[in-house]
Each structure stands twice: as C-alpha cells, then as structure tokens.
Amino acid sequence: MSTEITKEATVEQLLYANILEKGMYFGLVSMIITFALYVSGILPSVVPLGEIANYWNMPVHEYLEAINQNFLQREHAPTGWAWLTLLGKGDFLNFLPVAILAGVTIVCYAAIVPGLFRRGDKAMGLMALATAIVLFLAASGIVGGGAH
Amino acid sequence: MGSNSRGGVLFASLMCALLMSPAWALAEEAVAMTPPVADATWWKWPVILLFVTFVMGVIAVLGGVGGGVLFVPIISGFFPFHLDFVRGAGLLVALSGALAAGPGLLKANLASLRLSIPVALIAATMAIVGAMVGLALPTHIVQLALGGTILGIVVIMLTAKKSAVPDVPAADNLSSALRICGIYHDPAMNQDINWKIHRTPAGLATFIIIGFMAGMFGLGAGWANVPVLNLMMGAPLKISVATSKFLLSITDTSAAWIYMNKGCVIPMMVVPSLIGIMLGSFVGVRLLKVAKPTFIRWMVIAILGFAGLKALHKGLTVMGII
C-alpha cells in the first residue's frame with residue numbers, strides 16, 4: 001500500500017473526477033434535449049401540458065393513481081423503473097437524464113474499487129464497495145420500494 | 001450609497017417583491033382546488049419557478065449556501081407544488097450543483113476522496129432511511145419538522161464559527177488507520193498546508209443524523225457538513241467546504257433514487273429549477289467580486305427564517321393548532 005502523501009490528487013480520485021465530469025455533462029446535455037422535445041410538443045406526453053397544473057399539488061401517491069386512472073390505465077401506477085416503458089412520451093423521457101445524473105456516482109464508485117484493492121487499500125476498498133452496493137440497491141428499487 | 005450596498009438593496013427588494021407578490025396568494029388557493037379542466041396558463045408556474053430559482057442561484061452563491069437549502073422551504077412555502085415533488089426536485093437541485101462542482105474540486109485535491117468515502121457510506125445509507133421515512137409520514141408532520149429544521153439551520157448560521165486551519169494536535173486512531181490526511185496549497189497564505197483530522201468516530205456518528213435529514217427533507221446538507229468536518233473533525237475550512245460539496249453528490253444520489261422510484265419527479269418542475277439555479281450560480285460567481293457578502297448572508301438568514309416560519313405555520317394550520 002502506498003503511504004506517500006502529496007499535493008496531487010490520487011489515481012482513484014482523478015479517475016473518479018473524470019468519470020463524474022463526463023457523466024455530469026452527458027446528463028445535463030441530455031436533460032436540455034429531452035426537455036425541449038417535451039415542451040415543444042414534438043413528443044406526446046402522458047399528462048397533457050395544459051393539464052399538468054391539476055396534478056402537481058397532489059401527494060405523490062394520489063398523483064400516480066390519478067394519472068394512471070386518467071391516462072395510462074395500467075395495472076400498476078408508474079413507479080420504480082416503469083418509466084423505461086414510457087420513453088416514447090415526452091414527460092417520462094425526461095426521467096432518462098435524471099437517471100443518468102443520479103447514476104453516474106454508482107459508476108464512479110464501481111470504477112475505483114478494483115484500484116483500491118489492487119493497491120492493498122482494503123478498508124477503503126470495502127467501504128467504497130459497500131457504498132456502491134447501497135447506491136445500487138436504492139437505484140434498483142429493492143430498497144425503498146417502487147420496484148415493479 | 002456604495003455599489004455594494006445598492007446591490008444588496010436590489011436583492012432585498014427583489015426577494016421582497018417575489019415573496020409578497022399576489023401570485024403567492026394564488027399558490028395557496030391552488031393547493032385547495034384541483035380544477036379538472038385544461039389550464040391555458042399552465043406555463044406561468046414553470047416560468048416563475050425559472051425566475052425565482054435563478055435569483056436563488058445568485059443568492060446561494062453570494063450567501064455561501066447550497067441551492068437545496070433555499071429551494072425546499074421557499075418553493076414548498078410559496079408555490080402550488082406538493083411537498084413530495086418539491087423535496088424530489090430539491091434533491092436533484094442539490095445533486096446537480098454537487099455534480100457540477102465535484103470534478104473540479106477533486107482534481108484540485110481540495111475535495112478529499114479518502115475523507116469522503118467513510119462519511120458517504122454512512123450519510124448515503126441514512127439518506128435512504130430519511131427519504132423513506134419522509135415519504136411515509138403525513139405531509140403536515142414533514143412540513144412541521146422542515147420548519148423546525150430550517151429555523152435550526154438559521155441558528156447554526158448565526159452562531160457557528162469557522163476555523164481556516166483548525167488545530168489538530170494528533171490524528172485519532174481511526175483516521176490514522178484509514179490514512180485520512182493530505183496536503184493542499186493555500187495561495188492566500190502562500191504555503192502548503194498539511195492537514196489531518198481527529199474525533200473521527202464522533203464525526204462519523206454525526207453523519208447518521210445529517211444523512212437522515214438530507215434524505216427526509218431533500219435539503220442537501222452543506223449547512224451541516226461544513227461545521228462537522230471543520231469544527232468537530234478539524235479539517236481545514238477549504239477542505240471542509242470542498243469535501244462537503246462533493247459529498248452531496250453521493251448523499252443526494254441515494255435519496256434521489258428513492259424519490260425517483262416513488263414517482264416524485266415532475267419534469268416540468270425539475271428542469272426549470274435546475275436551469276434557473278445553474279444560470280443563477282454562474283451569474284452569482286461573477287457578482288461575487290462586487291457584492292457585499294455580509295449583507296447577502298444576513299439576507300439569506302432572514303429569508304430562511306421567514307421560510308421556516310411559513311413551513312411551521314403551514315404544518316400547524318393543517319393540524320388545526322393555529
């Protein structure tokens with residue numbers, strides 16, 4: 001294990017920063033594009049733009065039930081990763097860049113774990129691995145619900 | 001009156017005009033009624049949101065606070081959006097700001113990955129718990145707790161001191177074992193600063209509460225991260241501020257997934273908010289050279305105090321207490 005402390009960022013820190021930077025820019029550019037497709041009406045949306053104001057003041061469970069009943073008529077309200085099946089709709093397409101922005105940190109963690117173990121930095125490697133698992137569980141919907 | 005004072009008065013006038021506008025009365029009414037017809041003026045709230053978050057972005061930079069801590073109390077207090085969606089958007093606002101700043105701070109070695117890894121494991125895990133609890137509780141209870149928390153943040157901002165380079169006589173055993181230390185160059189002092197931390201177990205334990213509150217209220221947590229990293233654990237102020245900003249990208253990621261999986265994302269709210277805050281931040285950074293930070297800081301404290309009282313009022317009104 002390297003013990004030298006320098007002014008320069010470590011290899012893992014730079015790797016993390018580079019992935020984070022690329023993911024952040026990709027997510028933000030995607031967000032601008034998908035939002036433009038949504039508000040311009042190029043893509044149809046599940047909730048018509050003129051009616052969205054009727055729903056955003058509801059608690060989330062009522063909102064989901066209402067849009068499911070009024071527009072989607074599915075067996076379940078669209079929670080968890082159900083937005084993937086609605087990517088053709090302008091409003092749900094915007095979940096994609098949000099998922100990219102919320103997902104890039106998981107990729108960063110997954111990328112630094114092997115290097116930490118390779119350098120014998122087991123404690124940090126284990127904690128980074130545990131954090132990646134926690135974030136993955138949150139993203140999957142296994143923890144916190146919404147996984148259908 | 002100097003240009004600094006004029007700038008401050010301009011901001012104060014702008015915020016007063018925004019908060020006292022008759023539009024807020026409409027926001028209150030909108031909560032009470034849900035018209036079943038199409039609204040031709042649906043676009044007005046996203047446009048107002050874009051404008052308000054732009055001003056918020058400017059003030060956040062000048063006041064030295066994160067966007068999330070201003071976003072949640074103000075938007076939930078004065079806009080027609082339900083608190084569930086405001087908290088989801090607030091987390092994404094804080095997350096985007098942290099993602100934008102994180103790479104630069106890591107590359108400059110001001111944000112410490114080694115300090116962040118143990119803290120983030122605890123804070124991110126507890127943010128998930130906080131998000132789940134926050135979404136399970138009745139809205140008025142969360143509103144009440146949010147009001148109390150915001151007023152607590154005001155007290156922290158009024159009383160917490162900062163130490164540029166805290167005196168850390170010796171690193172504790174845990175931070176030594178994990179090699180949480182570093183060197184950075186401080187241009188102001190024109191010297192390299194060797195830093196280490198102490199009281200690591202107590203500091204990490206504090207992040208149990210900080211992570212929980214970040215997830216529960218969607219606030220971001222820079223207001224708590226910095227004092228704990230700087231005053232309790234002894235990290236230099238620059239390292240604390242940078243590491244705190246980077247930490248938000250991890251803590252808020254875990255909670256953001258919970259809110260997203262529960263469906264608490266309305267793009268018509270989220271995207272204008274992100275664009276407004278980011279544009280405001282760019283302008284704020286440029287205004288930083290001419291603005292009077294002390295005045296802006298007092299203004300942020302006043303705005304937060306007002307928004308905290310408004311959240312308390314909302315919660316107590318629903319409970320029938322006032």
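User: Why is Arg179(B) called partly exposed?

Analyst: In this predicted model, Arg179(B) has 17 other C-beta atoms within 10 Å. Buried takes 20 or more and exposed takes 12 or fewer, so Arg179(B) with its 17 is partly exposed. Arg179(B) sits in the loop between H8 and strand E1 (181-186) of chain B.

User: What makes Asn190(B) exposed?

Analyst: Asn190(B) has 7 other C-beta atoms within 10 Å. The cut-off for exposed is 12 or fewer, so Asn190(B) is exposed. Asn190(B) lies in the loop between E1 and strand E2 (191-196) of chain B.

User: What is the phi of Arg179(B), and what is that of Asn190(B)?

Analyst: Phi of Arg179(B) is near 55°, a positive value in a residue other than glycine. Asn190(B), also not a glycine, has a positive phi of about 55°. Most residues other than glycine have a negative phi.

User: How do you know that H4(B) is mostly covered?

Analyst: Of its 12 residues, 12 are buried, where buried takes 20 or more other C-beta atoms within 10 Å. Among them are Gly67(B), Leu70(B), Phe71(B), Pro73(B), Ile75(B) and Phe78(B).

User: What span is expected for helix H4 of chain B?

Analyst: Helix H4 covers residues 67-78 of chain B, and at 1.5 Å a residue 16 Å is expected. From its first C-alpha to its last, H4 reaches 16 Å, close to that value.

User: Which residues have the most contacts inside the largest nonpolar core?

Analyst: They are Leu95(B) and Ala123(B), in a core of 149 residues. Its largest share, 14 residues, comes from helix H6 (residues 113-136) of chain B. Not counting residues up to four places away in sequence, Ala123(B) touches Phe207(B), Ile210(B), Gly211(B), Ala214(B), Leu247(B) and Thr251(B).

User: How much of chain B is buried?

Analyst: Buried residues make up 56% of the 322 residues in chain B. The chain has 13 helices and 2 strands. Of its contacts with a separation of 6 or more, 84% are between residues 24 or more positions apart.

User: How many residues of chain A are in contact with chain B?

Analyst: On chain A there are 55, in contact with 64 residues of chain B. Contact here takes C-beta atoms within 7 Å. H1(A) gives the most to that side of chain A, with 11 residues. By class, the side of chain A that touches chain B has 34 nonpolar, 15 polar and 6 charged residues.

User: What confidence does the predictor give the complex, and where in chain B does pLDDT stay under 50?

Analyst: The complex has an ipTM of 0.94 and a pTM of 0.87. Chain B has a mean pLDDT of 86, and 88% of its residues reach 70 or more. Among its elements, helix H2 (residues 22-32) has the lowest mean pLDDT (44) and helix H8 (residues 173-177) the highest (97). In chain B, pLDDT stays under 50 over residues 7-12, for which the model has 10 contacts beyond four places in sequence. Over residues 14-35 of chain B the pLDDT is also below 50, and this stretch has 19 contacts beyond near neighbours in sequence. Where pLDDT is low, the predicted coordinates should not be read in detail.

Note on methods:
Residues numbered from 1 in each chain as written. Chains lettered and ligands numbered in written order. Predicted model: local features only at pLDDT ≥ 70, side-chain atom pairs only at ≥ 80, totals over all residues. Helix = DSSP H or I, 4+ residues; strand = E, 2+ residues; numbered from the N terminus. Expected span 1.5 Å × (residues − 1). pLDDT = per-residue confidence, 0-100. Contact = placed C-beta atoms within 7 Å. Nonpolar A, V, L, I, M, F, W, Y, C, P; charged D, E, K, R; others polar. Core = buried A, V, L, I, M, F, W, Y, C linked by C-beta atoms within 7 Å.
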